[in-house]
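Hello,

Here is the structure I promised to pass on.

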Amino acid sequence: MDRKDDIREFLISRRAKISPDQAGIPSYGELRRVPGLRREEVAQLAGVSTDYYTRLERGSLRGASDSVLEAVSSALQLDEAEHAHLMDLARTANSPTRRTPRKPAQQRVRSGVLRLLDCMTGVAALVQNGRSDVLAPTCWAGHCTRTFSPPPCPSARAFQAGCRTKRATSSSIRAPATCTPTGTRWPPPR
């Protein structure tokens, strides 16, 4: 059974066992659809809003203070064991759950793009994602940047000396062109 189901079943069962007469709520001879107290009546006795008590009864005890839990316990006329059980449920609801951090999705470059990069022998070219992470470089581009080191190619050493002077201008080339909601390109072409 889920933790929220435990909380819900416990609070509903305790609310159902108390009659309006036991809680000191006047009865006007009306027919009641639920056995015991209504949610509004428990909320009024506990001094909280009906929406807040409804949220508690649906199993959301996370962040509920001890004073609110004491008031709910008093409104439902819980005995010692039931009160301790409610506090245990609240403690487990407020304990942090261990979640394993999710790995980012592995971004892959399509095989056709990789073949295209392999054919580009005299050019420095990169394939980047939206965060400017380099996903695939040509051999020459690999030797131009310092962030990754692909296997050396014979013509890259001669090209590497010229890359140092062109590194400052390459950052403006790498800026991705995006489309605005109107469909125009940004930055505009020069």
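**Helix H3 and its surroundings**

Arg 39, Glu 40, Val 42 and Ala 43 of H3 are in contact with Thr 50, Tyr 53, Thr 54 and Glu 57 of H4. By type, the residues of this H3 contact with H4 are three nonpolar, two polar and three charged. Please keep in mind that this is a predicted model.

H3 covers residues 39-46 and H4 covers residues 50-57. Their axes come within 9 Å and cross at roughly 110 degrees. An angle of 65 to 115 degrees counts as roughly perpendicular. H3 and H4 are therefore roughly perpendicular to each other.

Just after H3 comes Gly 47, with a positive phi of about 80 degrees.

Which residues of H3 are buried? They are Glu 41, Val 42, Ala 43 and Ala 46. Val 42 and Ala 43 also belong to the contact with H4. The cover over the buried residues of H3 includes H4, helix H1 (3-16) and helix H5 (66-75).

Glu 40 also lies in H3. Its relative accessible area is 44%, so Glu 40 is partly exposed. Glu 40 and Thr 50 are ten residues apart along the chain. Their C-alpha atoms are separated by 5.3 Å. Both residues take part in the contact of H3 with H4.

**H1 against H6**

H1, part of the cover over H3, also packs on H6. The angle is about 150 degrees, and the axes are 10 Å apart. Angles over 145 degrees count as roughly antiparallel. H1 and H6 are therefore roughly antiparallel to each other. The crossing of H1 past H6 is left-handed.

H1 brings Arg 3, Asp 6, Ile 7, Phe 10, Leu 11 and Arg 14 to this contact. H6 brings Glu 82, His 85, Leu 86, Leu 89, Thr 92 and Ala 93. The residues of the H1 contact with H6 divide into six nonpolar, two polar and four charged.

**Two loop residues**

Gln 77 sits in the loop between H5 and helix H6 (80-94). What is its phi? The angle is near 55 degrees, a positive value in a residue other than glycine. Gln 77 counts as partly exposed because its relative accessibility is 40%.

Ala 124 is in the loop between helix H7 (111-119) and strand S1 (126-128). Ala 124 has 37% relative accessibility, so this residue counts as partly exposed. Its C-alpha atom is separated by 4.2 Å from that of Ala 141. Along the chain, Ala 124 and Ala 141 are 17 residues apart.

**The chain as a whole**

The protein chain has nine helices and four strands. From the N terminus, the order is α-α-α-α-α-α-α-β-β-α-α-β-β.

How much of the chain is buried? Buried residues make up 29% of the 190 residues. The chain exposes about 13700 Å². Carbon and sulfur atoms supply 53% of that area.

Consider the contacts between residues at least 6 apart in sequence. Of these, 35% join residues at least 24 apart.

Best wishes

Definitions and conventions: Residues numbered from 1 in each chain as written. Predicted model: local features only at pLDDT ≥ 70, side-chain atom pairs only at ≥ 80, totals over all residues. Heavy atoms only, no water. Axes fitted to C-alpha atoms, helices over the stretch in contact; angles between N-to-C directions. Parallel < 35°, antiparallel > 145°, perpendicular 65-115°, else oblique. Contact = heavy atoms within 4.5 Å. Nonpolar A, V, L, I, M, F, W, Y, C, P; charged D, E, K, R; others polar. Buried < 20%, exposed > 50% of the residue type's maximum accessible area, 1.4 Å probe, protein only. Areas by Shrake-Rupley, 256 points an atom, 1.4 Å probe, with all protein chains shown as cover. Left-handed = near helix turned anticlockwise from the far one by under 90°.
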